[in-house]
Amino acid sequence: MIDKDMDFNALEDSAFRKLLEDWLAANYPQEWRQDMRRPFRRLRGDDVVRWIGMQLDAGLRCPAWPKEYGGMGLDFLKQSVHQEVFETYGVARVVDLAEVQIGPTLMVHATAEQKARFIPPMLKGEHLWCQGYSEPGAGSDLASLKTAAIVDGDMLRVTGQKIWTSHAQEATHMFALVRTSKGERKQQGISFILLEMDAPGVTIRPIANLAGEEEFCEVFLDDVKVPLANVIGGLDNGWTVAKALLGHERVWIGSPGLATRALTLTRTLLAARPHDDVLFDAYAACAADLHDLRWLYRKTCSAIAGGTEPGVEVSMLKVIQSELLQRITELNVELGGDDALVDGDSPVGDTVTDYGWQYFMARPGTIFAGANEIQRNVLAKAVLGLGSK
Amino acid sequence: MTQANETAELLSMVESSATLFLDDACSRAPGTNTFAELWREIVEMGLPLVALPEDRGGSGLGAAGFTCVARQFGRALVAQPYIACGVAPVAAIAALPDGAFSDAALALVADGTFRLAFGAKQSQAPLLAGGRLSGQWKLIAHPATHLMVAAGDALCLVALDGAGIIIEPHKALDGGEIATVSLTEAVPLQVEQGPAAARAGAVALAASRLAHAALLGGLAESAFRQTQDYIKTRAQFGQTIASFQSIQHRSVDQFIANSLTEASVEAAATAFDADPAAPATAALIAAALARASTGAAHVARESVQMHGAIGFTAEADVGRYVRALTGLANFHGTARDNRRQFAQFEDAA
């Protein structure tokens, strides 16, 4: 049994691991588990709310949040155990921006009043959040965003367009970066605001992706009124607010969990056919790459757990992980051969898979959360000292 | 201070002193840093024995120690057979029960006037019959004074100045020399036979492979560093070539490759220290070798390219590294072979 007032950090890692594993085995719905058909399953809508509720009741909500905000208060090492257990078990992913982004941002930058207004509902899953950052003209060059917010009394009037907003259809709220004034540099004059998705003037248009799912959206903002009380960190300070967190997020995004799932499919596909040296070698290349990523990831996590703050170097994990995932899913399509033409389920041995789905769902990894080209720019500059002249 | 902290500090000290010594060694005039001369100094510094427990005259640092030192040998590109004459025989000694064989071997390694080379590569299957050893081994560190080789389930210690011994040296791409050693009914100084000897031979080979991955990592790191220094100074079109994005991205990719090699070698070293003869350890060593091998070829290729025409000259310093990387990348199997070995083990596990 999990006691919400437990000091999880005082537990032995193995005891903590067992606590989580036992709870998952007893409570996690089988139909949500990642499998050969949906190796990177993501929960949507009502399932997300139900899952948040389950974790809340069990004392497992928001592992990384401090206890004072209702989280588990896990230290870094316990957080990595938590992640490993959940990934190994096949717990479906959740786009939980409340837990990993907006919650921590508010903890650092919001006023007490703002925290009181927004943190408890996001903890309980009463508010679901989406992110309004990218625009058609502002992707990697996010600072060039144009959605404008004009001060009018005690309101901001917001007009513009956001794109690639994941799960906007199900969100109750959006945190967004908008332009409130013109500064010398484009990063100046940006504000971080919180708006309600059912406010007049908000229009959501889902976009179908290559896998045929409508996971992200365009969000049109037409003179949407947002109270100034919903500006976080003060006007024109949005760029700083948005950049401030993402310390450990940079680490988790490099986790070998997804690639491990994908490689399990590779093994399943290989086992369903006669042995072939060339194909085995291709698999071996991916297996060896995954092995090395796993050890680099563990080494990074150990260093952080030992007190070394993560540096820019850590973002190489994301580059490695996302590209490896693409290689593996591509190999899986190759192994599918002509069966990969099927848009939907294909039998493999005594299970089924969906060749296209797993391949397509691996494509965004090198594009979102900082395109790998940009990551390489940053690594070159900050780690290798290679400048612009 | 905790045991872990003490070990980390000792490892750091060993690394620093090895680095200092090796940097000095490679700055000496060619001809003055021969195998024979430098080996004496290497032994005096205790580098071959870093892995042995303290009560046997070592530093007690295990594979963490010998991979650290091997990496420095690679980094400095000192063409010294640290692995063949230091790491491998010492790993065999550590794996053997106390006795005449291990005492004799240890005495040879601890005395810098001798050079006991472990022969990892058979070119003709060895035969031990009637107390006499025949066979042929290639790519042996040269000039060695003694040889340690496996023959079936026996381990043999042979002096290389007796009857029935032919040594044919060749120049190696790492700047040193290697020899083919042929034995015809040579009489070993010592023979150890049985399961313990077979195991010790296997452990010596595993240690050679692991240290080699570390060596490749050091070579690659150094070649990469030199190339990075070059691109920051070389200018064309009014700017340094380091400012071009394709060069920057390719630099990052090499940095990533080197980081992965380091992590993989550390993982294998940890496994070796836990159980040097375990099949899982062999698998991790194979993975580390595959990674180091791929990285070696990658960095060698990029080092030449990023230097432009100069990269193709014998004179450029980086050229020595490119030659060494090329010659050593597949010394203990190709990346493909090693990944296959690793994946087969993982699959069965």
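Residues are numbered from 1 along each chain as written, and chains are lettered from A in the order written. In this predicted model, local features need pLDDT of at least 70, side-chain atom pairs count only at pLDDT 80 or more, totals for chains, interfaces and linings use all residues, and side-chain values use heavy atoms, without hydrogens and water.

Me: How far apart do the C-alpha centres of domain 2 and domain 3 of chain A lie?
Reply: Domain bounds come from an automatic or database domain assignment. In chain A, domain 2 is 129-237 and domain 3 is 249-382. Their C-alpha centres are apart by 31 Å.

Me: What area do domain 2 and domain 3 of chain A bury between them?
Reply: Buried area is the accessible area (1.4 Å probe) that two parts lose on being put together, summed over both. Carbon and sulfur atoms carry 73% of it here. The value is about 540 Å².

Me: Which residues in domain 2 of chain A lose the most area to domain 3 of chain A?
Reply: Three residues together make up 61% of what the domain 2 side buries. They are A:S140, A:L210 and A:A211.

Me: Which residue in β3(B) is the bridge partner of B:L128?
Reply: Strands are DSSP runs of E, at least two residues, numbered from the N terminus; two pair if DSSP finds at least two bridges between them. In chain B, β2 (residues 122-129) and β3 (residues 132-141) run antiparallel, joined by five bridges. The partner of B:L128 is B:L133.

Notes:
Helix = DSSP H or I, 4+ residues; strand = E, 2+ residues; numbered from the N terminus.
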